[in-house]
Amino acid sequence: MKTPLIPFPQELRPKLPTIVGNVDYRMLQDRLEQIDVLLRLGGVETDFVNRALELWNPGGKDPVSAQEQIRYQQRSRRALRCTLLRTLLQEDYRGFSCQLAGNPLYQWFCGVDALDQIRVPSKSELHRFADWLPAKEMREIFDGLLGQAIQQPQKLELREALDLEEYFLDSTCLKANIHFPTDWVLLRDGVRTLMKGTLLIRKAGLRGRMEAPEAFLRRMNRLSIEMSQQARRSGAKKGRKRVLRQMKKLVGVVRAHAQRHRELLDQGWKQTQWSRPQTEQILRRLDHVLELLPRAQQQAHERIIGERPVANDQKILSLYDLNVRVIVRGKAGAEVEFGNTVLVGENRQGVILDYALFSDSAPADCHLLFDSLLRVQGMSARQVGAVASDRGFASRANSKALAQTDTFDATCPRQPAELGRKMKDQKFARLQRRRAQTEGRIGILKNGFLGRPLRAKGFAHRELALAWGVLTHNLWMLAKLRKVKTLADPLPKAA
């Protein structure tokens, strides 16, 4: 049995000041008003709070007071609204907390405005808000909003229902926030992390016999500079091998010192000012690098000294993010990218109907098409009328299956002669011209709602950030489709 929501009275809220002379502010205010209505009429806010309550107190098993539940409901509501607005503004946690403190419009939208005292979430609270629900729950909220926009547009007061007659697909790389994964640079990263952790332990009063950690950092920096300069010298290959051997020797010494200090901290943490959870955080950081550094060292040896290739699925691209993949794009300025493949599907109105992020190397685009169509059909209980994509999604099996389901096939064929023949069909040519806009839609999503680079670390956090970005994007687009959109309208009452 789910925990029922407890209605709670709203506090008295001040009226927003009337701003004149800035049309951009008025347009932003109008759009936030429409998003506020969508959150309430579309049940997004209620659904979000219900799911948060279920994770907080599964099945209502643990006894909690009404006051505790009301407080958690209020935090959940603010988590939704603050994260949506922060995603829309593309602000970091500290910057958004500062903006929220000084902007009455943002305070109204996030529900933190009051007559007497305004208490805005701190940067740490905003960080917690971003992880309030897992990506799976956010996906279900995304599907629920789209389902209503397709089946009950009058409830959301949309001018028209979402169109499923035309569906446009494309894939791209969601870049990870890492530096270029040069093999020997991974050794430098590992030495820096281990020595900084060792320095932290020594400052806490636990010391083993060794040179100052800063001395090892200086040596690695000098070797890194020397390695980078080898390309400008004669005998660069021999020089790189010589410097890498020195790096490997230094890495061995650093690992031994870090391992010894790690054991000192594990056994004598009570002598420090840290709690056990804080100690575990430092231990996990050291253990992670101590485990991966030998693999990174072997990889650098194979490629630089042994001059042997390493398979992509065995490469370490980052010591801090193991779910990063090598994605061959073959485009100008982006021959190879490092991140995860993301699939995005939109309709003719620019609303994203489906998305998927792949932790492992993604299958070929032609194998992704029908999985996406099935997700859209499951969300909307309807079948799309036509599918348009680039040639990566085209295959004989896909064309045959689309014909069997009476779905117009506007995937770009791989053979130029076949493309020339199909372009004589007006509907095919029109859908292919419209398909080019999907690349622009992906650019809007990545630049305007995810940020470049996407700062989320680890696949789970990138997947969650993508879910927030797509939900925010769709609310922004659906707000444009609402019937009531006048700048002179008063603010709707908050839930």
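**Aromatic residues and surroundings**

A: One aromatic cluster is formed by W56, Y72, F129 and W132. Keep in mind that the model is predicted.

Q: How many aromatic pairs does the structure hold?

A: There are 7 aromatic pairs in the structure. In one of them, the ring centres of W56 and Y72 are 4.5 Å apart and the planes meet at 10°, so this pair is stacked.

Q: Which helices do W56 and Y72 lie in?

A: W56 is in helix α2, residues 44–56, and Y72 is in helix α3, so the pair ties together parts that are 16 residues apart in sequence.

Q: What about F180 and F338, how are their rings arranged?

A: The F180 and F338 rings are edge-to-face, because their planes are at 85°, with the centres 5.4 Å apart. F180 sits in the loop between β1 (166–175) and α8 (183–203), while F338 belongs to strand β3, so the pair ties together parts that are 158 residues apart in sequence.

Q: Buried or exposed, for F180 and for F338?

A: F180 is exposed, at 60% relative accessible area. F338 is buried, with 15% relative accessibility.

Q: Now charges over rings. What lies over the face of W476?

A: R31 does, at 4.2 Å from the ring centre of W476. There is also R219, which lies over the face of F216 at 5.1 Å from the ring centre.

Q: Changing topic: how many cavities of 30 Å³ or more does a search of the whole structure find?

A: The search finds 1 cavity of that size. The largest cavity holds about 50 Å³ of space.

Q: Which residues line the largest cavity?

A: The lining is made by L32, I35, L84, L85, L88, F109, T472, L475 and W476. Two or more lining residues come from each of α1 (23–41), α3 (66–89) and α16 (459–480).

Q: How does that lining divide into nonpolar, polar and charged?

A: The lining of the largest cavity has 8 nonpolar residues, 1 polar and no charged.

Q: Let's look at S97. Where does it lie, and what does it touch?

A: S97 lies in helix α4, residues 93–102. Not counting residues up to four places away in sequence, S97 touches V120, P121, S122, K123 and L126. With 12% relative accessibility, S97 is buried.

Q: And G268, buried or exposed?

A: G268 is buried, at 9% relative accessibility. G268 lies in helix α10, residues 236–268.

Q: How far apart are G268 and L206 in space?

A: From C-alpha to C-alpha, G268 and L206 are 7.7 Å apart, and in sequence they are 62 residues apart.

Q: Backbone next. What phi does E307 have?

A: E307 has a positive phi of about 55°, although it is not a glycine. E307 is in the loop between α11 (276–305) and β2 (325–331), and it is partly exposed at 42% relative accessible area.

Q: What about the phi of D406?

A: D406 has a positive phi of about 55° and is not a glycine either. D406 lies in the loop between α13 (396–404) and β6 (408–411), and at 71% relative accessibility it is exposed.

Q: Last bit, the whole chain. How many helices and strands does it have?

A: The chain has 16 helices and 6 strands. Its C-alpha trace spans about 70 × 70 × 50 Å along the principal axes.

Q: What share of the chain is buried?

A: Of the 495 residues in the chain, 49% are buried. As for contacts between residues at least 6 apart in sequence, 71% of them join residues at least 24 apart.

Terms used:
Residues are numbered from 1 along each chain as its sequence is written. This is a predicted model: local features need pLDDT of at least 70, side-chain atom pairs count only at pLDDT 80 or more; totals for chains, interfaces and linings use all residues. Side-chain values use heavy atoms; hydrogens and water are left out. On a 1 Å grid over the protein atoms alone, a cavity is a set of points where a 1.4 Å probe fits but cannot get out, and a pocket is an open set with protein on both sides within 12 Å along at least five of seven lines; lining residues have an atom within 4 Å of a point. Grid points are joined across faces, edges and corners, and a volume is the space filled by probe spheres set on the points. Helices (H or I, at least four residues) and strands (E, at least two) are DSSP runs, numbered from the N terminus. Ala, Val, Leu, Ile, Met, Phe, Trp, Tyr, Cys and Pro count as nonpolar, Asp, Glu, Lys and Arg as charged, and the others, Gly among them, as polar. Rings of Phe, Tyr and Trp (its six-membered ring) pair if their centres lie within 6.5 Å; planes under 30 degrees apart count as stacked, over 60 as edge-to-face and the rest as tilted. Buried means under 20% relative accessible area, exposed over 50%, partly exposed in between (1.4 Å probe, protein chains only). A charge sits over a ring if NZ of Lys or CZ of Arg is within 6 Å of the ring centre and within 35 degrees of the ring normal. Contact means heavy atoms within 4.5 Å.
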